[in-house]
Amino acid sequence: IKTLDLEPNKCWVIEDAISGLIAAKDANAGKIIAIASREPKEFYKDLTYIDSIITDFNQIDRKMFVEN
């Protein structure tokens with residue numbers, strides 16, 4: 001986020017690795033989506049900084065990326 005000179009609160013991170021999710025939280029990403037590909041969905045439920053948990057990229061609603 002910093003390298004790309006983007007505003008963290010406007011960035012979305014879609015990640016399956018715990019280290020990536022933590023990095024997104026530490027970078028103050030605006031939305032953090034966990035992909036439960038390595039761990040079961042239940043593994044991520046206690047991570048309060050995660051906004052959404054998916055198991056497949058097809059579960060991402062493309063409408064979420066359009067600003068009103």
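This report covers charged and aromatic side-chain contacts in a predicted model.

## Basis

Local features need pLDDT of at least 70 and side-chain atom pairs pLDDT 80 or more, while totals for chains, interfaces and linings use all residues. Residues are numbered from 1 along each chain as its sequence is written, and side-chain values use heavy atoms, without hydrogens and water.

## Salt bridges

The structure holds three salt bridges (a side-chain nitrogen of Lys or Arg within 4 Å of a carboxyl oxygen of Asp or Glu). Exposure is given by relative accessible area (buried under 20%, exposed over 50%, partly exposed in between; 1.4 Å probe, protein chains only).

Aspartate 16 pairs with arginine 38, with the closest N and O atoms 3.2 Å apart. This bridge links distant parts of the chain, 22 residues apart. Aspartate 16 lies in the loop between strand E1 (12-15) and helix H1 (18-26). Arginine 38 lies in the loop between strand E2 (31-35) and helix H2 (41-44). Helices (H or I, at least four residues) and strands (E, at least two) are DSSP runs, numbered from the N terminus. Aspartate 16 is partly exposed at 21%; arginine 38 is exposed at 60%.

Lysine 10 bridges to glutamate 7, at 3.8 Å between the closest N and O atoms. Lysine 10 is exposed at 61%, and glutamate 7 is partly exposed at 47%. Aspartate 26 and lysine 25 form a salt bridge at 3.7 Å, N to O. Aspartate 26 is exposed at 54%. Lysine 25 is partly exposed at 35%.

## Charges over rings

Lysine 25 also has its charged end over the ring of tyrosine 49, 5.3 Å from the centre. The criterion is NZ of Lys or CZ of Arg within 6 Å of the ring centre and within 35 degrees of the ring normal.

Lysine 31 lies over the face of tryptophan 12, 5.5 Å from the ring centre. Tryptophan 12 belongs to strand E1 and is partly exposed at 30%.

## Aromatic pair

The whole structure contains one aromatic pair. Ring centres of Phe, Tyr and Trp (its six-membered ring) must lie within 6.5 Å; planes under 30 degrees apart are stacked, over 60 edge-to-face, the rest tilted. Phenylalanine 43 and tyrosine 44 have ring centres 5.3 Å apart and planes at 85°, so the pair is edge-to-face. Phenylalanine 43 is partly exposed at 41%, whereas tyrosine 44 is buried at 1%.
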